[in-house]
Amino acid sequence: MDVGNEHLAALASGPDAASAWVRDNVLPYPGVHIKYIAAGNEVPDARSDTGSIIPAMQNLRDALSAAGRPDIKVSTAVKMSVLASSSPPSDGAFKDAYMADVCRLLASTGAPLLANVYPYFAYRDNPSDIPLSYATFQPGTTTVGDNNGLTYTNLFDAMVDALYTAMEKAGSPAVPIVISESGWPSDGGVGASIGNAQAYNQNLINHVGNGTPKKPGPLETYIFAVFNENLKEGDETEKHFGLFNGPDKSPAYPINLIN
């Protein structure tokens, strides 16, 4: 569940706004299993809103506890641009100091870092250097060695392990990562096709139970998105990340969601 970036400053301003948000958006739905609340989703690094992330997280956590819902973990969702370096994964490091503070808060509350990890965008921006098979978990000859002796056969693992490394360097090695978004578009741009989307998402489902070379074990992961969104703004690909078509809810392509 996301509070919306436009509400961050208000939620950071004091406990009353956070209590009201919990009252209006959480408590009316006791039958809904809410696992995480994201205080901001991909908050742009250049905006002053990044300074609101930590106080908003703290106020929301306190409001949830006061409302009898301490089971809901409060975090924030980040994209790969929070890293100054990500390749090789052992060079992973946060770009801005506020991320170290975020990780320390998560470590103190037991909440995970929510990460939106999209090999598609890395491939789209650099298709001459990133093989499609490496980006979509498909068998190929591409392997990437790291300075720490680990070997990577897909881009997703390399990206996630760069985040793990950054958290270690920030002094929070025990904070887990939850992949809050990952997916591949089926139309609208470079490498966006039904075949590639099906391959990526099916292979992602089959893969994440194993974790990454740096952190073996199940990796909690959420596919973006359930439906194609024909009215969504932005690049054309943004309309085509769905597993199902919007108007009639028919499958965009075959996928086995149970592994």
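Modeller: Asp71 and Arg69 join their side chains in a salt bridge, with 2.8 Å from N to O. The rule is a side-chain nitrogen of Lys or Arg within 4 Å of a carboxyl oxygen of Asp or Glu. The model is predicted: local features need pLDDT of at least 70, side-chain atom pairs count only at pLDDT 80 or more, and totals for chains, interfaces and linings use all residues. Residues are numbered from 1 along each chain as its sequence is written, and side-chain values use heavy atoms, with hydrogens and water left out.

Arg69 is buried, at 17% relative accessible area. Asp71 is partly exposed, at 45%. The cut-offs are under 20% for buried, over 50% for exposed, and partly exposed in between (1.4 Å probe, protein chains only).

Now the Arg61 and Asp62 pair. Their side chains meet in a salt bridge of 3.7 Å, N to O. Asp62 is partly exposed, with 43% relative accessible area. Arg61 is also partly exposed, at 32%.

Lys232 pairs with Glu238, at 3.4 Å from N to O. Lys232 has a relative accessible area of 26%, so it counts as partly exposed. Arg124, Asp125 and Asp235 form a network of salt bridges. The total comes to eleven salt bridges.

The largest pocket has a volume of about 670 Å³. Its lining has 29 residues, and Met80, Tyr118, Phe121, Ala122 and Met159 are the closest to its centre. A pocket here is an open set of points on a 1 Å grid where a 1.4 Å probe fits, with protein on both sides within 12 Å along at least five of seven lines; lining residues have an atom within 4 Å of a point.

Helix 5 (119–125) and helix 7 (155–169) each give at least two lining residues to the largest pocket. Helix 5 contributes the most, with four residues. Helices are DSSP runs (H or I, at least four residues), as are strands (E, at least two).

The second largest pocket holds about 390 Å³. It is lined by 17 residues. Met1, Asp2, Leu114, Ser180 and Tyr222 lie nearest its centre. Strand 1 (36–41), strand 5 (113–116), strand 8 (177–182) and strand 9 (221–223) each supply at least two residues.

Technical notes. Points joined across faces, edges and corners; volume = space filled by probe spheres on them.
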